[in-house]
Amino acid sequence: MFNATMLAVSKTHGEPRGLTVVTDKPEHASVEPLLAYLRRQGHVVSLSLWGHQCPQDQDIVVIMDMHNEEPFVHDMDEYRYQEFKEFIAKNISRKILWVTGAAQVECSNPRYGMLLGLARTIRTEYSAHLATLELDDFGTLSWHAVTTVLRSLQREIPREGKPDMEFVLADGSIQVGRFFWTSVNEQLAAEYREESARKLDIAKRGMLSTLYWKGYSPAEPQGDWVQVKVHAASLNFKDVLISMGIVEGTVVEGDGLGCECAGVVERIGKRSLTLTSRGRYHT
């Protein structure tokens, strides 16, 4: 019996949602061109001063970092911090895009990065839709990036279970940073080579942090030696004593580590042990 599962998400195609642009300097030369560009893209835009109540049921774009000499978060006094907390509390259910300067890619001022940490904390503790867009300049290309990111936020289609919330405009393209879950065991199995072998070794005795897997090519088994394809290995107590330099190991390969394992015998020497039907070893 075969089963198939499909997850479908409807994509809404309605009228553009209202948009509020928040600034503390409405007279700045970059404000009016940005508003005009957003309106040409179909947004119903209103302007709101920082500290004032924003219109209800509208997404918000904060552009104060675009026309201030210092990042908003840097050297924030108690009064401004209180204003910031009130702004987040009043608009916690809305989508907020905070436009700031470059901090992660081609950083222009590392102090812009303080906002990123603050936004991550707010998203974690309040499940807020607070996204950030870092710009390397504040020209026409940046305005296009603002509208592109807004569309991504308003689509409400999460990627890999979580929506993107940090965007960077660098080298003319919008970039995002993502982490994807991966199985280490599956990845190592995919990279396995039949001719390769690994052995536990230590770079400096007495320092367990220098334990590592060393690649080597095993020699053909001679005499009564056997070659085993290891399926499981343990860190024996004697391995620890050898690694700490307390006892000397019998150096056959590497530094004498690898006292026990479980696996399948693949090759044998001419005088190797054989197993009888009773389970006893003999030559």
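Trainee: At what angle do α1 and α4 pack, and what does that make α1 relative to α4?
Mentor: Keep in mind that this is a predicted model. The axes of α1 and α4 lie 10 Å apart, and the angle between the two helices is about 45 degrees. Angles under 35 degrees count as roughly parallel and those from 65 to 115 as roughly perpendicular. The angle here therefore makes α1 oblique to α4.

Trainee: Which residues make the contact between α1 and α4, and is the crossing left-handed or right-handed?
Mentor: From α1, the contact uses Pro-33, Leu-34, Tyr-37 and Leu-38. From α4 come Trp-143, His-144, Val-146, Thr-147 and Leu-150. As for the hand, the crossing of α1 past α4 is right-handed.

Trainee: How many residues does α4 have, and how far does α4 reach?
Mentor: Helix α4 covers residues 140-155, which gives 16 residues. At 1.5 Å a residue, a span of 22 Å would be expected. The first and last C-alpha atoms of α4 are close to that, with a reach of 23 Å.

Trainee: Which residues of α4 are buried?
Mentor: A residue is buried when its relative accessible area is under 20%. Some names return from the contact with α1, including Trp-143, Val-146, Thr-147 and Leu-150. The buried residues of α4 are Ser-142, Trp-143, Ala-145, Val-146, Thr-147, Val-149, Leu-150, Leu-153 and Gln-154.

Trainee: What is the strand order of the open sheet, and which are its edge strands?
Mentor: The open sheet holds seven strands with mixed pairing, in the order β2-β1-β3-β4-β5-β6-β7. An edge strand pairs on one side only, and this applies to β2 (44-49) and β7 (173-176). On average, and with direction ignored, neighbouring strands of this sheet are turned by 25 degrees against each other. So, back to your question, because each pairs on one side only, the edge strands are β2 and β7.

Trainee: How many bridges join β4 to β5, and which residue of β5 is the partner of Gly-101?
Mentor: Strand β4 spans residues 95-101 and strand β5 spans residues 129-135, and the two run parallel. They are joined by seven bridges. Gly-101 has as its bridge partner in β5 Leu-135.

Trainee: Where is Asp-171, is Asp-171 buried or exposed, and which residues does Asp-171 touch?
Mentor: Asp-171 sits in the loop between β6 and β7. Its relative accessibility is 62%, so Asp-171 counts as exposed. Asp-136 is 35 residues away along the chain, yet the C-alpha atoms of the pair are separated by 8.5 Å. Leaving out residues up to four places away in sequence, Asp-171 touches Glu-106 and Asp-136.

Trainee: Where does Glu-260 lie, and which residues does Glu-260 touch?
Mentor: Look in the loop between α6 (237-243) and β11 (261-268) for Glu-260. With a relative accessible area of 41%, Glu-260 is partly exposed. Not counting residues up to four places away in sequence, Glu-260 touches Ala-233, Ser-234 and Asn-236.

Note on methods:
Residues numbered from 1 in each chain as written. Predicted model: local features only at pLDDT ≥ 70, side-chain atom pairs only at ≥ 80, totals over all residues. Heavy atoms only, no water. Helix = DSSP H or I, 4+ residues; strand = E, 2+ residues; numbered from the N terminus. Expected span 1.5 Å × (residues − 1). Buried < 20%, exposed > 50% of the residue type's maximum accessible area, 1.4 Å probe, protein only. Pairing = 2+ DSSP bridges. Axes fitted to C-alpha atoms, helices over the stretch in contact; angles between N-to-C directions. Parallel < 35°, antiparallel > 145°, perpendicular 65-115°, else oblique. Left-handed = near helix turned anticlockwise from the far one by under 90°. Contact = heavy atoms within 4.5 Å.
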